[in-house]
Amino acid sequence: MSEKSLIRRFAAVALVLLSSACAVSAAESDPIITGPAPKPLAPCAWWYGIGDSPSSWEIRAAAKHYDVVVLNAWETSAMRKLHELNPRVKVLVYKDFSSTRNYYGAVEGDRDARYLPTGVGYVAAEQKQPGWFAISTLGQRIEWDGYPKHWQMTVWDPAYQKAWADAVVGEVLREGWDGVLADNDFSSLRYYSPSIIAGTADSAGSDRLLRDGLDGMLQLTGDALEKAGKMLIPNVSESQLTPGRWSAHSRYAGAMEENFGLQGDDGTGELITFQGNQFKEQRAQAALGESWLLLITHTKSDREERVGYASAALLASPHTCWTRAEPDYKNPYWSVYQDARLGEAVETANRLPSGVWNRRYSGGWVAVNPTKTSVLLTPPPGLVTLRGEAVPAQLDLPSADAVVLVNAPSR
């Protein structure tokens, strides 16, 4: 961990201790003023619209259905139309923390495009700051596997951090975006490249360098956007690998999880979202009700869609939003589960001795089995399926599956 990172963490601890001391002092002399607790609502919907340019009907649908929409930087007209149709919708611009790109569209001829998917243009870096391209121990620039013409940048370089933050914050203010969705705030390079970054001994050292650099980028950009009244929501990848990372990186306007409610690749069949400390940190964030949890489940089946929505429902808050991607983000999608009308959660999410999680809502009930074995459950009385079908007294909930039930219609 860098010296700056240590200083920030010690400062955070000191602030917590100071706040606690002040709270005790205030409690002794001043009345406690409290307001209503935020309502833990069923998951809202959002659209990660970074595929093709949205059509007119897609913009109208997005304004009607979604609380948050993410668009590419060149979709300024669509952003303004969304604001016109629904001033309450938050429209964020997509920007990549970690790469620069030189595919067509990001580069036009011999110059960078006017609107970039990143904060630093490839041509500008090539001509003025070639040292901002990360170099492997083999002396080569690091191109991401599976993503041609995406190049890893030196996110740990303060000059790169400042250039990225200045460019992105300036664009947000100039164009009128509500904030930034910062992609690839990741924990490990191995998902993109087996390369070892020059100056580090191994992949673990490369990953530490990247994480510390992204910590700095997050703080620099987040502070500037927050001061301007704008949002920063990073895509915090693989946060289950690093305890505390989700909490730390969602501290501005919230965070995004792109692989929510999916099975891990370790062969156990368990849901990766519930491993490590990530789900505990997400529950804590949701309980505060102050920031956004933007959740995506990549779905190939009804089971994955059901698991994704039900897992999101365990994190009910005013700002927990969920969507599915099938197979990508090109079109806005409205799930049948988003029409379930669960209403407001009337209890916390509960973990049963079997490992199953469940939660009761004013309009229904959800349960998620993240374990590798099936579990026999007894659902609350008076519930039916989304199709109105009767529910048996006991349900056999398979491994890595979920159930969403709603109140039976009153007679």
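Are Phe279 and Trp357 buried or exposed? Select them both: Phe279 and Trp357 are buried (under 20% relative accessible area with a 1.4 Å probe, protein chains only; exposed is over 50%, partly exposed in between).

Before going on, some ground rules. This is a predicted model, where local features need pLDDT of at least 70 and side-chain atom pairs count only at pLDDT 80 or more, while totals for chains, interfaces and linings use all residues. Residues are numbered from 1 along each chain as its sequence is written, and side-chain values use heavy atoms, leaving out hydrogens and water.

Next, colour the aromatics: there are 16 aromatic pairs (ring centres of Phe, Tyr or the six-membered ring of Trp within 6.5 Å; planes under 30 degrees apart are stacked, over 60 edge-to-face, the rest tilted). Pick Tyr122 and Trp151, a tilted pair with 6.5 Å between centres and 45° between planes. Tyr122 is in helix α4 and Trp151 in strand β7, 29 residues apart (helices are DSSP runs of H or I, at least four residues, and strands runs of E, at least two, numbered from the N terminus). Both Tyr122 and Trp151 are buried. Now return to Phe279 and Trp357: their planes are at 75° with centres 5.1 Å apart, so this pair is edge-to-face. It joins helix α8 to strand β14, across 78 residues. For a group, select Trp144, Tyr147, Phe186 and Tyr192, which form one aromatic cluster.

Last stop: Val404, in strand β19. Val404 is buried, at 6% relative accessible area. Show what it touches beyond four places in sequence, and you'll find contacts (heavy atoms within 4.5 Å) including Tyr309, Trp365 and Leu386.
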